Amino acid sequence: MECATATRSSKPSSNISDIVSKFAKVCKLRSIGVFYSENSNHHYHHSNLKSNNASSSEDGSDNITEENECGGVKIHPQPVEVPSTSSVCGDTEISKLFDIVSALKLAYIELQEAHIPYDPEKIVAANELVVAKLEVLCNIKRMYKEKQLKKVKLDSSRFELLKAEVEVKEKMLEELKFQAKAKDSDISNLRQKLQDLDLGNAILIEKIRQESLVRKNLRVWNVNSFEDSFKAASKSIHDFAKPLISLMKASGWDLDLAANAIEEAVVYSKRCHKKYAFEAYIARRMFQGTSLQPYNVDGIMRYDDPFDSLIEKPDSDFAKFCTEKYLLVVHPTMESSFFGNLDQRMFVLSGKHPRTPFYQIFAKMAKWVWILKGIASVIDPEAKLFVVNRGCKFSEVSMESVEDFCEGAAVFGEAQTNHRVEFMVMPGFRIGETVVRSRVYLSQMK
């Protein structure tokens with residue numbers, strides 16, 4: 001039997017199909033070199049064996065020659081490499097595969113032994129055994145392919161399931177985004193409502209505070225305290241009229257003409273009574289546009305000098321009241337003749353308050369007028385201010401002669417009922433059932 005030498009690949013096959021193909025090729029094309037351990041004269045076979053070994057060495061193959069001793073004969077079959085399948089098969093399948101390969105190798109050895117000496121029956125039997133083992137390998141290959149196909153189908157099915165699940169999740173995500181957007185809009189609306197409610201609550205809190213102050217003032221302020229404030233306001237107007245008249249005299253003003261310009265054709269019982277005309281002018285300007293509304297006057301009452309309040313709180317309601325009334329009472333021509341310029345007026349127009357004696361006296365007067373207006377409605381929300389027109393017949397119920405008030409005695413006595421009003425110096429107030437009489441200057445009726 002001739003020996004045919006074939007060169008084997010140095011790299012392992014990639015799958016079982018390659019293993020089966022190699023075994024088939026080996027069965028068809030390969031033969032082995034055989035030598036006897038004792039008295040062998042078959043040098044031809046021995047030389048072929050050496051030639052095969054040399055060829056394998058020259059090719060750099062890492063093949064391992066497997067030696068088996070059977071009946072005193074050393075047999076050197078060409079080994080077949082099996083690829084590692086641990087990544088695709090379990091340990092049990094790999095062990096089974098190795099067992100079948102080993103059995104196939106043994107069957108192949110028996111086939112070779114059947115040729116020496118040549119025994120047709122053994123050759124047929126060995127050949128059938130080899131074929132049986134190959135069929136087992138083919139079955140393993142088929143089962144492996146079926147398993148891989150099932151795995152691919154399973155993976156594909158899982159992929160489809162995952163894809164469907166992803167699509168469902170994406171739809172849910174879009175729905176959640178839409179809901180989140182709607183919730184954000186609701187949150188924005190609720191936040192705006194909360195701000196509106198906070199603002200409304202702040203307004204209500206302020207109203208409650210104001211009402212609390214009003215209630216507190218109701219316990220403090222009464223008609224008697226209002227009458228005291230009325231007297232203080234009348235006196236402060238009188239006190240401010242004094243420096244005003246003095247400055248007019250010093251500036252060369254004609255007081256008779258000035259008094260007549262304020263109240264025309266008034267018959268004064270005394271020349272000094274013309275001062276009441278100037279007081280009437282000041283009071284008329286200070287109470288002009290008056291609307292009785294309750295407000296807290298405790299702040300201004302804490303200051304002995306109201307000018308300190310103007311310095312500490314230049315933007316307060318009282319400060320604005322002082323600015324408005326000063327510009328109304330003190331005419332620019334009057335101020336220019338008094339001081340030679342309008343610097344003080346410009347200072348007031350800028351929202352500030354000049355620390356001058358004249359302005360400080362004015363601030364004291366403004367304080368009592370401010371208090372009088374504030375506490376009237378605190379005591380009685382229906383409180384009213386009333387005025388007396390010139391020519392009215394004197395009434396002791398609603399009027400009081402300014403001469404009685406200032407000089408402390410009734411000038412006209414019982415004959416006051418026959419007098420008429422020349423002009424009003426201070427307005428009167430009606431608080432509840434109480435009438436705080438107005439101050440008037442009287443003249444005897446002819």
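In what order do the three strands of the open sheet lie? The order is β4-β7-β8, and the pairing is antiparallel. The model shown is predicted: local features need pLDDT of at least 70, side-chain atom pairs count only at pLDDT 80 or more, and totals for chains, interfaces and linings use all residues. Residues are numbered from 1 along each chain as its sequence is written, and side-chain values use heavy atoms, with hydrogens and water left out.

View 1. Helices (H or I, at least four residues) and strands (E, at least two) are DSSP runs numbered from the N terminus. Two strands count as paired if DSSP finds at least two bridges between them. Strand β7 (residues 428-431) pairs with β4 over three bridges in the antiparallel sense, and β7 also pairs with strand β8 (residues 434-436) over three antiparallel bridges. The edge strands, each pairing on one side only, are β4 and β8. On average, neighbouring strands of this sheet are turned by 20° against each other, direction ignored. Axes here are lines fitted to C-alpha atoms, for helices over the stretch in contact, and angles run from 0 to 180 degrees between N-to-C directions. Helix α5 (residues 223-250) packs on the sheet and touches β7 and β8; the helix direction makes about 10° with that of β8.

View 2. Phe-429 has Val-436 of β8 as its bridge partner. Arg-430 of β7 stands opposite Lys-384, and Arg-430 also stands opposite Val-435 in β8.

**View 3. Salt bridges at Glu-422.** A salt bridge is a side-chain nitrogen of Lys or Arg within 4 Å of a carboxyl oxygen of Asp or Glu. The whole structure holds nine salt bridges. In one of them, Arg-390 meets Glu-422 at 3.1 Å, N to O. Arg-390 sits in the loop between β4 (384-386) and β5 (399-401) and Glu-422 sits in strand β6 (residues 419-426), so this pair ties together parts that are 32 residues apart in sequence. Relative accessible area is classed as buried under 20%, exposed over 50% and partly exposed in between (1.4 Å probe, protein chains only). Glu-422 counts as buried because its relative accessibility is 1%, whereas Arg-390, at 37%, counts as partly exposed. The side chain of Arg-420 also forms a salt bridge with Glu-422 (3.2 Å, N to O). Arg-420 is partly exposed, with 29% relative accessibility.

**View 4. Gly-391 in the loop between β4 and β5.** The loop between β4 and β5 contains Gly-391. This glycine is partly exposed, with a relative accessible area of 43%. Contact means heavy atoms within 4.5 Å. Not counting residues up to four places away in sequence, Gly-391 touches Arg-420 and Val-421. Gly-391 and Phe-423 are 32 residues apart in sequence, and their C-alpha atoms are 8.1 Å apart in space.

View 5. Glu-400 and Arg-439 form a salt bridge whose closest N and O atoms are 2.9 Å apart. Glu-400 belongs to strand β5 and Arg-439 to strand β9 (residues 438-444), distant parts of the chain 39 residues apart. Both residues of the pair are buried. Elsewhere, a network of salt bridges links Asp-256, Arg-271 and Lys-274.

**View 6. Nonpolar cores.** A nonpolar core is a set of buried Ala, Val, Leu, Ile, Met, Phe, Trp, Tyr and Cys residues joined through side-chain atoms within 4.5 Å. The largest core has 62 residues, of which Phe-226, Ile-282, Met-286, Phe-362 and Phe-423 touch the most other members. Helix α13 (residues 357-379) gives the largest share of this core, 13 residues. Beyond neighbours within four places in sequence, the contacts of Met-286 include Phe-321, Phe-362, Met-365 and Val-369. A second, separate core of 13 residues includes Leu-97, Val-130, Leu-134 and Ile-140.

**View 7. Confidence along the chain.** The predictor's confidence in each residue is given as pLDDT, from 0 to 100. The mean for the protein chain is 77, and 74% of its residues reach 70 or more. Among the elements, helix α7 (residues 275-286) has the highest mean pLDDT (93) and strand β1 (residues 34-36) the lowest (35). Residues 27-88 have pLDDT below 50, with 90 contacts in the model beyond near neighbours in sequence. Residues 408-415 are also below 50, and this stretch has ten such contacts. Where pLDDT is low, the predicted coordinates should not be read in detail.
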